[in-house]
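Hi,

Here is the structure I promised to pass on to you. My notes on it follow below.

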Amino acid sequence: MKIQRCKGMRDMSPVDMAMFHRLEGICRDCFIKWGYREVRTPTIEYLHLFTSAGTLTPTMLGKVYSFLDWDGWSGERVVLRPDGTIPVARLYTETMSGQGLARLFYAANMFTFEIGDKNRERWQCGAELIGAGSAIADVELMALSMEIANKLGLKDVELRLSHAGILKALLAKLKLNPEERQKILDSILDGDTTILAKASRSIPGLSDLLSIKGQSPGFLRENRAALCRALPEIKPSLDDFLDTTAVLESLDIKFDTNIASGAGFEYYTGVIFQLFMGKEKIGGGGRYDALIPSMGGGDVPASGFAIYLDRLIKLAKIKLPPPAEKILVKGSNAIVVFKIASALRNSGFIAEIDLDGKSADWTLEVKNDGTLSLTNKAKSRRTEVRSVPEVIRFLEVQRAA
Amino acid sequence: MPLKIALPKGRLLRKTAALLQKADWRLDEYHSSMGFYRPKSAKFPDLLMRVFHEKDIPIQIAMGNYDLGICGLDWIEELLVKYPSSDVVKVSDLQYGQSSLYMTSASKSMDLRQNGSPLRIASEYPNLAEAFALKHRLSRFSIFPVWGAAEAYPPENAEMALLAAEDTAEIMSYGLSPVSLVLDSSTFLIVNRNSRAKRDFDKIVASIVDAAPDIAKSAGEKKATAAGKITVSTPKYYPDTVRLALPDGHQQQQTVELLNKADIRIEGYPSTDGERRPKIALEGVVVKVIRPQDMPLQVANGNFDLAITGRDWVTDHLAQFPSSPVKEVLDLKLRKVRLVAVVSQNLSVNDSADLQGFVGGRAEPFRLASEYVNIADKFARENHLGHYRVIPTWGATEAFLPDDADLLIENTETGRTIARHNLKIIETLFESTACLIGNTGTVSAGKRQRMDYIVERLRTAVGDN
């Protein structure tokens, strides 16, 4: 029998894990400095948390790992978490409701089925800003995500903006039956904008709105009055979008506008933003003011984003610090060896106990008469020392040098 | 290795036999009373043929056990909707055995997006039912996978049922209304993707396809009719009403004899016209006739207070849901069978202890076939079978050995069928008889009194045996 890992799953080696922790650490440092606190939600949640209208699209739900739990005789299924935001909103509603503003972050794995060898388990770091509904709040998340991208050494990251309210108003204008409307909405949410572009071609003015792409929302600002005349329902969303872009411009944060690109989650209600490096999407988020109310958590606005860690393992330009020096402790008296290794660790060194008789960068040999000798492999230098404090002093001097 | 084809028994047998006769296959045995399920063709003497329950065929093709198969599109889609990367390729619509899958409910139409308590769907097609629920964005739902009689569940025990029927008139005859057409089904020739790439079976495929009528007709998922908004009316029983489930199928005769002995009179059971709600001459008690396999789950859910089923199905249920509130109330001492682990006579395994060593030395996963998938899974875990697969089956399981499985978990009364198929029993798991089951939850005093009355009547009747 050949032992192998599951299809679509990945192992992380010690080298991968060092990189992973570095990336996660950079995200974590940024989140903490902006006042976010870490939460952890369970891997398994009820399926109906994600099927409730306005959470995940049917296409995404068709790829969740759902199954009956050991006490699932009612026929209700549970899932391996397919998304990070919905569980955090659930946690807030269940345990933090009424506490007002909450800045929360998480690092977690998400599970979605993919055909073939594509990853079925993906790691994300995400932030959720719950209880604030302003343009400033949206911009805080965008600025934070760009700061993380910057700290990760990513170059040419594009911040791409859209707005769920504008998209929904457009869809309403297209006078589709509920089924067609749902089909177009699903296709946009799954990242395909061609159906929407085709459908809106018939309405002059609106197709222009979809086709605008570029650095400045100037077009929207200049044509605000005309757009609002053509589609009065668009006004609150358009103004909301312009408010956000005005704050971004005042802070000199560069962005692109692409209204048609709404890829993401069905629960978005306001500004949607995505981070791209070339064609690769490395993160994204948006405003989801209806999610917590739909869970019975009261009228609480919220927005958030996630950074896709596994895509960044390949893209991030960061150097790992050199591995800390290890000291191998050798000797025939186990009690003494354990004691000396422990003293070294307490002083901040990595101390390994010799098991295979091989040498290391630094080897500390405990002789039968109780004396110690320290050998540096690289320099082939051997130093006789009398006591453990002397070894530590010697190594500290070496380390400082 | 010879090419292998899986042929259906049951509903599609007669027309499939007619098709193969037209294609001049000259089969020695392919009819409803055949004993060994392994016909031979004079036209393709090297082709290995095996007759399966229709539901088994897509799974056998997907696993690569068989190269070709003939079965209904409904069972193919039931597999593909959950496992889209399965190695099943549809080759041709054979234009017979048409039926449609309808989502049905007891009311004319219903609001599919209702909130609050879960919407319950009973179906022999649990994967298609789940796909329907996700597609129609039901905010909260439960799927009851049933062995049969799904039409009997609405409105009391489920809001909806996904059913196969010839037309909407058949749905109406159950007192149900079609909510949505989910699939138009027909009989299909299917092949395994990998063997199609590697092996040449053009002659066999051509011979089948040429014999089928060549009217171009595509079957596939049709647009669901828009659902209106009428609230579902679930009939409310008085809280003291006892809901009793009785078995359909071949257990009916013995059950009715026992009930007679207990002086519990039921009108219309066994039913001659498929009536599933016979009248019982006990006040405050209602009866429904469903599959015994489905009873433990329904009792666990609180859909029934008492049910007559087999200990085998209770054990299977508890293997899947160890903390289920289902309990055996009374052993009815009817229909005594043994649940046994069975292997081929040719296998050098004589008891379960030999299995671990046998399995450890193999490159391929060990295959257990059973109607009792949860008992089989537990058996494999407890015997440390390592890399194993459980193949769900729907009857005639003994024909799976030795080619299509390595071990069976089967029930047997006398052991004769097992011996006739050149198989041997390596372990008896337990003895099963019919039993009365109930739920450990608390009930009202009035209901308890009525339940106790039924239990005591039956206890006396069993004691008289």
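The centres of domain 1 of chain B and domain 2 of chain B, taken over C-alpha atoms, are 29 Å apart. This is a predicted model, in which local features need pLDDT of at least 70 and side-chain atom pairs count only at pLDDT 80 or more, while totals for chains, interfaces and linings use all residues. Residues are numbered from 1 along each chain as its sequence is written, and chains are lettered from A and ligands numbered from 1 in the order in which they are written.

Chain B has domain 1 (4–96 + 186–211), domain 2 (99–184), domain 3 (242–336 + 433–463) and domain 4 (337–432); the bounds come from an automatic or database domain assignment. Six residues of domain 1 are in contact with eight of domain 2 in chain B (C-beta atoms, placed from the backbone, within 7 Å).

Now the cores, meaning sets of buried Ala, Val, Leu, Ile, Met, Phe, Trp, Tyr and Cys residues joined through C-beta atoms within 7 Å. Buried means 20 or more other C-beta atoms within 10 Å of a residue's own; exposed means 12 or fewer, and partly exposed lies in between. The largest nonpolar core has 199 residues, of which B:Ile121, B:Ala161, B:Leu162 and B:Leu368 touch the most other members. Beyond its neighbours within four places in sequence, B:Leu368 is in contact with residues including B:Ala376, B:Tyr388 and B:Ile409.

Lastly, B:Lys333 counts as partly exposed because it has 13 C-beta neighbours inside 10 Å. Its C-alpha atom is separated by 33 Å from that of B:Glu54, 279 residues away along the chain.

Best wishes

Notes
Contact = placed C-beta atoms within 7 Å.
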